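Please look at the sequence and the model below.

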Protein chains: 2
Amino acid sequence: MFHEERTMSAPKTKRGRERRAQILAAAEQMFGARGYADTSVADITRAAGAAQGTLYIYFSGKEEIFSELVREMGRMTRRAMARAVADAPDRLEAERRGLAAFLRFAAERPALYRIVEEARFVDPPAYRAYFTEFAEAYRQSLDKAEAEGSIRPGDNEVRAWMLMGIAKSLGDRFVLWEGGGDLDHVVEAAFDMIRDGLAP
Amino acid sequence: MFHEERTMSAPKTKRGRERRAQILAAAEQMFGARGYADTSVADITRAAGAAQGTLYIYFSGKEEIFSELVREMGRMTRRAMARAVADAPDRLEAERRGLAAFLRFAAERPALYRIVEEARFVDPPAYRAYFTEFAEAYRQSLDKAEAEGSIRPGDNEVRAWMLMGIAKSLGDRFVLWEGGGDLDHVVEAAFDMIRDGLAP
């Protein structure tokens, strides 16, 4: 349903970029709270304090806004994790820091996390692409670590999907469903199993 | 939305039980293919080859049928996994067999797998209860294994959620999105990480 959408060019003025960002932020809250089907363009423009016509300057409709939020989650997660692992002395420590960064990000942006999961039903090809691209980059990192001897040989595609599944499941339980808990403890307990599962 | 539903008693005749099972099987295919919102009671009865009134003998409406399918997935998964691990010599081998059984079951009943995931949005309390109950039983098995010395000490609640997340993620990638692949290889590759992550 989303594959013939019109993609708008980025706004050229500062005011335009702010307007567009306000609409996205409002949509994130509305989709996150009510879900895709129960959120209308009118809901989003009202929450953004904008006139309905304004939205169509930046987006072709709610489909495009939803897709843009899924892409936003991808960009933000990758950025947060890349930053967290940049100074890690080795891959195992990078796994620990990356997991912590993912859970912190989910705690900061629970609506965005929920939107990505709803994409499984609202836009299945986008959902699949989201995780497949993420897994492919993850696999490459693990291949590099394996070549350097910092993790032992293994099927790094399977491992990438396992590690993503671990992060999502811990995110469900310890962030979305019971926020405010001791995430540091969760990360350490999880890392105990990941480390020995991957160590050379 | 699902919490004041009327729960019907089980049919007393063989014919009644068959009719009810036909309706559930038809609903599983319809919900699995189209999703909850786009499936009506009329769609389900038509697919079951039944008159619309018949459905209301067994179910209060599509909400109850959906909830019953989520419970069915829970019962079937637990049964398939319990059977698979019954003769396992130790907990680690039980993990390997349990993961294999879960992936095989997802391959056999992909519609049911999808219905459970859609429950995250259609019936959030049921979704959360589904995985929380599963995790609690899992934690108890891991606690027992830890007490027996067949896995090393650790936070078995965190481990239970990790292992569930691994199974779901591998199910997405290697069963739902690319069925027919070499599941035995996936299980062995995954078990390599799980074993060393848990071994004493």
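In this predicted model, B:Phe102, B:Phe105, B:Ala106, B:Ala107 and B:Glu108 in α5(B) meet B:Pro110, B:Leu112 and B:Tyr113 in α6(B); contact means heavy atoms within 4.5 Å. Helices (H or I, at least four residues) and strands (E, at least two) are DSSP runs, numbered from the N terminus. By class, the contact of α5(B) with α6(B) has seven nonpolar, no polar and one charged residues. Here Ala, Val, Leu, Ile, Met, Phe, Trp, Tyr, Cys and Pro count as nonpolar, Asp, Glu, Lys and Arg as charged, and the others, Gly among them, as polar.

Two packed helices are described by the angle between their axes and the distance between the axes. Axes are lines fitted to C-alpha atoms, for helices over the stretch in contact, and angles run from 0 to 180 degrees between N-to-C directions. For α5 (residues 91-108) and α6 (residues 110-122) of chain B, the axes come within 5 Å and cross at roughly 100°. The two helices α5(B) and α6(B) are therefore roughly perpendicular to each other. Angles under 35 degrees count as roughly parallel, over 145 as roughly antiparallel, 65 to 115 as roughly perpendicular and the rest as oblique.

Now turn to chain A. It has nine helices and zero strands, and its C-alpha trace spans about 60 × 35 × 30 Å along the principal axes. An automatic or database domain assignment gives the bounds of the domains: domain 1 is 14-60 and domain 2 is 67-198. The centres of domain 1 and domain 2 of chain A, taken over C-alpha atoms, are separated by 28 Å. Ten residues from domain 1 and nine residues from domain 2 take part in their contact. Between these domains of chain A an area of about 810 Å² is buried, and carbon and sulfur atoms give 64% of it. Buried area is the accessible area (1.4 Å probe) that two parts lose on being put together, summed over both.

Which residues of α8(A) meet α9(A)? They are A:Arg159, A:Leu163, A:Ile166, A:Leu170, A:Phe174 and A:Val175, and their partners in α9(A) are A:Leu183, A:Val186, A:Ala190, A:Ile194 and A:Leu198. This contact of α8(A) with α9(A) has ten nonpolar, no polar and one charged residues. The axes of α8(A) and α9(A) come within 12 Å and cross at roughly 160°, which makes α8(A) roughly antiparallel to α9(A).

Helix α8 (residues 156-176) of chain A also packs against α8 (residues 156-176) of chain B: their axes come within 7 Å and cross at roughly 125°. These two helices, α8(A) and α8(B), are therefore oblique to each other. Their contact includes A:Trp161 and A:Met162 in α8(A), and B:Trp161 and B:Met162 in α8(B). The residues of this contact of α8(A) with α8(B) divide into twelve nonpolar, four polar and eight charged.

A:Asp192, in helix α9 (residues 183-198) of chain A, touches B:Arg152, B:Arg159 and B:Gly197, not counting residues up to four places away in sequence. Between chain B and chain A about 3,500 Å² is buried, 65% of it given by carbon and sulfur atoms. B:Phe121, B:Trp177 and B:Met193 supply 23% of the area that chain B buries against chain A, more than any other three residues.

Residues are numbered from 1 along each chain as its sequence is written, and chains are lettered from A and ligands numbered from 1 in the order in which they are written. Local features need pLDDT of at least 70, side-chain atom pairs count only at pLDDT 80 or more, totals for chains, interfaces and linings use all residues, and side-chain values use heavy atoms, with hydrogens and water left out.
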